[in-house]
Amino acid sequence: MATDVTVAIKVEPDPPAVGEANLRITLTGAGGAPIDGANVRARGDMDHAGMTPVLGETTQSQNGVYEVPFNWSMGGGWIVEVTATLPDNRGIAQEKFEFFVSAVSADSVINSDAAAEATAAGDEGSTNALRIVIPAGTGAQIEAGQDPGLIPAEIRLRLSEQNVLIIANEDSVDHTVGPFFVRAGESIRQEFARPAVFEGACSIHQGQQVRIVIEA
């Protein structure tokens, strides 16, 4: 393992949000000299089990800067491990970086305490908000092989009628709904400003995908 190499990383766009991204990885040696000619690989894993890793790789660089195409597949905590195979048999440089990826965009609000209830309560009865509640005991039902029947395969919102999606997880285990990762006891509130389609796994329907369609 090379100990005289510094690995740095910047993410574009920043702050990171679900979707396509670019990792700008910089390699420098002693005295800050840029290192070109390396093979740079990035592996992204979420900080909870059960998610498929995201991989990226490049050998192209300029002044020690390597740009690796990447795709954040879900919102939540991520650990990105960068492995650089250095030129001239200099060995391998490796570094890990932690990121928090917004579920959809900077408009998304993730709450972890009483503020979650206050935020959700502010939308109670509102006609522009679709609220999905994952009740306590859902995880136990899934563990027992039962289908709670909570989340449809497709969720549709129309901007002119409903442009806010709230997912409240009252269960004792974490859940994923499409691009959203909602920790136990937390709520997320996402306001949409433009038409879009999002797809992702659903922990409530094992092995199935959820499609969220935002119409004009």
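Trainee: What makes Glu 154 and Arg 156 a salt bridge?

Mentor: Their closest N and O atoms are 2.6 Å apart. The term covers a side-chain nitrogen of Lys or Arg within 4 Å of a carboxyl oxygen of Asp or Glu, so the pair qualifies. Bear in mind that this is a predicted model, where local features need pLDDT of at least 70, side-chain atom pairs count only at pLDDT 80 or more, and totals for chains, interfaces and linings use all residues. Residues are numbered from 1 along each chain as its sequence is written, and side-chain values use heavy atoms, with hydrogens and water left out.

Trainee: Why is Arg 156 called partly exposed?

Mentor: Its relative accessibility is 42%.

Trainee: What does Arg 158 pair with?

Mentor: Glu 215, in a salt bridge at 3.2 Å, N to O. Arg 158 sits in strand E11 (residues 154-158) and Glu 215 in strand E17 (residues 209-215), so the bridge ties together parts 57 residues apart in sequence. Strands here are DSSP runs of at least two residues, numbered from the N terminus.

Trainee: Which residues do shared partners join into one network?

Mentor: Glu 154, Arg 156, Arg 158, Arg 211 and Glu 215.

Trainee: And how many salt bridges does a search of the whole structure find?

Mentor: It finds 9.

Definitions and conventions:
Buried means under 20% relative accessible area, exposed over 50%, partly exposed in between (1.4 Å probe, protein chains only). Helices (H or I, at least four residues) and strands (E, at least two) are DSSP runs, numbered from the N terminus.
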